[in-house]
Amino acid sequence: MSLNSDQNYGALWLLTPTVLLYLATFLFPLILLGVLSFAKFEASITTLGFYFDNYIKIFSDGITLKIFFQTVRLSIYITFWCLILGYPVALLMRSCSPKIKMILLFCVVSPLLTSIIVRNVAWLLILGRSGMINDTLIQWELISKPLPLMYNEFGVILAVVHVYLSFMVLPLFGALSSINSSIEEAASSLGAPFWRVFLSITLPLSLPGIMAGCTLVFILSMGVYLTPVIMGGNFILTLPMLITESVREQYDWPYASAMALMLLLAIGFMVVLSSGLQRLVSRR
Amino acid sequence: MSSVELKSIVKKYGAVTAVASIDLSVESGEFVTLLGPSGCGKTTTLRMVAGFIRPTSGQLYVGGSNMDGVPPHKRKVGLVFQNYALFPHMSVQKNIEFGLKMQNTPFEERKDKIIDALDLVKLRHLEHRMPSELSGGQQQRVALARALVIRPDVLLLDEPFGALDKQLRDHMRIELRELQQKLKISTLFVTHDQDEALSMSDRIVVMSEGQVSQIGSPVEIYEKPKTRFVTDFIGRSNILSGKIETEKSNKTCLNAEGLKLPNVSKTSHKSESILVMIRPECVLLKKPNSKNKITNYKNTAKILSIIYLGSIIQYKIKVNNGPALIVTESNVGYSDPKKFSLGDTAEIIIPENAIYLIPG
């Protein structure tokens, strides 16, 4: 190291604004959340203390746990479809010319560049009861009643997959690009047909990208709020919705805090699980 | 029967011609090298044989059958890359086993063949290692074993030693050639390294800008280059433009930019301008006044620079009223190592058989 320690400390001080921001907006609210989750809420009065009431309620009221698992299930579906739809795109991006690669990249990222309201209203116009698809199909007399394309799980999954696809495609593309194509050519020259090359070589070697993409999409899906609200109507309930409702309708901050912590724990568990799996795979 | 045969193979990328009509055959058990600078089309040719690139026109035969429209996995070729291209997620054993599995070889037979292949490259003890735990040379040997274990019709090697250091490269060169001769496997080898080409090949195909410049044995390529390009590319050489002249004694002689040489062309067409090649190692430098009767053509030269290269000493000399030449002398320890110093005058002797006229 050519830097002396004085210079190192000098550089560290530059982090102060970031550190303060994190302390104020992340660590402090998190501590508050923890403290509140053990508080008691009775007759609209919050009593601080060390009560397990909120946690007991989560596990015993029958509905919260159900919605939690529904959120997990929805997130798994979203992750699954992102993977299925994103993998071919990443494969294509890897093998096409730089120009087409840029166009594809733009297409994949474009939902992120669109306002969430605009995006969901657009889906409404396409999937709604008298939206583009239903109108056309009825006009062509292919169906007599409008298809239920939104205000159900299908609509929510479709709209969320649309946005989060980029979080799957980018890590996948990264992992696939790092595979030297001569490795695949070697397999092919050894007598492996293309599907065999894919299954034995490309897929296993892109596993780090799959893991990263799935973890990312799953975490984001667990917390997605506005899209399910718009696309699901009141028919699809997720944990973030329940948390919001608890705060906004009942002013029950302690219960909301407990649910939020539970969501955080579930996500943390997923991160630990996926990084553990990844270590296991790379060691093999 | 030839193992590989290319008949007027052409590869064009739009308006760019990568390979312009190549005719070539690799006979059974033969070691043929495609030699040329980067971008000469040698790798493109190899990849066409492997099936990764489809020729624009022409016929390609591997093991006697036409390869038109045959995908890579249905061709019996063993391919070794410069970057080894081992499967990083499989052990050495699994890497070698892959091709056998694709051929549906039964388990017991597979085991024996893997052991044979590992013995062949002397890596039996590393069977369970992962590629990342091997050195470059070991990885390249695994790649070789993996390609050989499927008993290919032809072994294709794409600059296989490019990523190894010099000592290991020299070692692998010998090892590969021995292995190839032992197995009598037809081999098509791509390299830009002339030492590799000269030391390993039965035949060398020198390529330049998508075309074959010359096909011949290493000796032919080095000593009797047919084109200016081959002369320039292989070894170091002095290339001079020469003219046939008639001397007073009515004998003809060769005047190479002022350097008087015996007429080795056997013709006496005076107007002809010819290219004269003299290999640096063929020129002898003598102290002036030393008595010699080798030739009538006495030329003297001045030493312009001396480069000490260990086993050889390279001089740059300027012939009086003539061209500058590069001359190398082997550094025989017992003779005076400092035979010449800068500015010295030397007598140069060029034996008749060291003068080569480039055709065309």
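In chain B, 66% of the contacts with a separation of 6 or more are between residues 24 or more positions apart; contact means heavy atoms within 4.5 Å. This is a predicted model, in which local features need pLDDT of at least 70, side-chain atom pairs count only at pLDDT 80 or more, and totals for chains, interfaces and linings use all residues. Residues are numbered from 1 along each chain as its sequence is written, chains are lettered from A and ligands numbered from 1 in the order written, and side-chain values use heavy atoms, without hydrogens and water.

**Chain B overall**

- Chain B has 8 helices and 20 strands. Helices (H or I, at least four residues) and strands (E, at least two) are DSSP runs, numbered from the N terminus.
- Its C-alpha atoms fill a box of roughly 80 × 50 × 35 Å, taken along the principal axes.
- Of the 360 residues in chain B, 49% are buried. Buried means under 20% relative accessible area, with exposed over 50% and partly exposed in between (1.4 Å probe, protein chains only).

**Strand β20 of chain B**

- Strand β20 covers residues 355-358 of chain B. Ile355(B) and Leu357(B) point one way, Tyr356(B) and Ile358(B) the other, and all are buried.
- Strand β14 (residues 273-278) of chain B runs antiparallel to β20(B), and 4 bridges join them. Two strands pair if DSSP finds at least two bridges between them.
- Ile358(B) in β20(B) stands opposite Leu275(B).

**Two domains in chain B**

- The domain assignment gives domain 1 (4-233) and domain 2 (238-357) of chain B. Such bounds come from an automatic or database domain assignment.
- The C-alpha centres of domain 1 and domain 2 of chain B lie 40 Å apart. The contact takes 8 residues from domain 1 of chain B and 6 residues from domain 2 of chain B.
- About 650 Å² is buried between these domains of chain B, with 57% from carbon and sulfur atoms. Buried area is the accessible area (1.4 Å probe) that two parts lose on being put together, summed over both.
- Tyr222(B), Arg228(B) and Thr231(B) lose the most area on the domain 1 side, together 66% of what that side buries.
- A salt bridge is a side-chain nitrogen of Lys or Arg within 4 Å of a carboxyl oxygen of Asp or Glu.
- There are 4 residue pairs in polar contact between the domains (both at pLDDT 80 or more). A polar contact is a pair of N or O atoms within 3.5 Å; within protein, one must be able to donate a hydrogen and the other to accept it, and residues adjacent in sequence count only if both atoms are side-chain atoms.

**Chain B against chain A**

- Here 22 residues of chain B are in contact with 18 residues of chain A. The two chains bury about 1,700 Å² between them, 67% of it on carbon and sulfur atoms.
- His73(B), His89(B) and Met102(B) lose the most area in chain B, together 33% of what that side buries.
- The rule finds 1 salt bridge across this interface. Glu185(A) and Arg47(B) form a salt bridge, with the closest N and O atoms 2.7 Å apart.
- Helices α2 (92-102) and α4 (136-148) and strand β6 (77-80) of chain B each supply at least two residues of the side that touches chain A. α2(B) gives the most, with 3 residues.

**Tyr255 in chain A**

- Tyr255(A) sits in helix α14 (residues 253-283) of chain A. Tyr255(A) counts as buried because its relative accessibility is 5%.
- The side chains of Tyr255(A) and Thr64(A) are joined by a polar contact of 2.5 Å.
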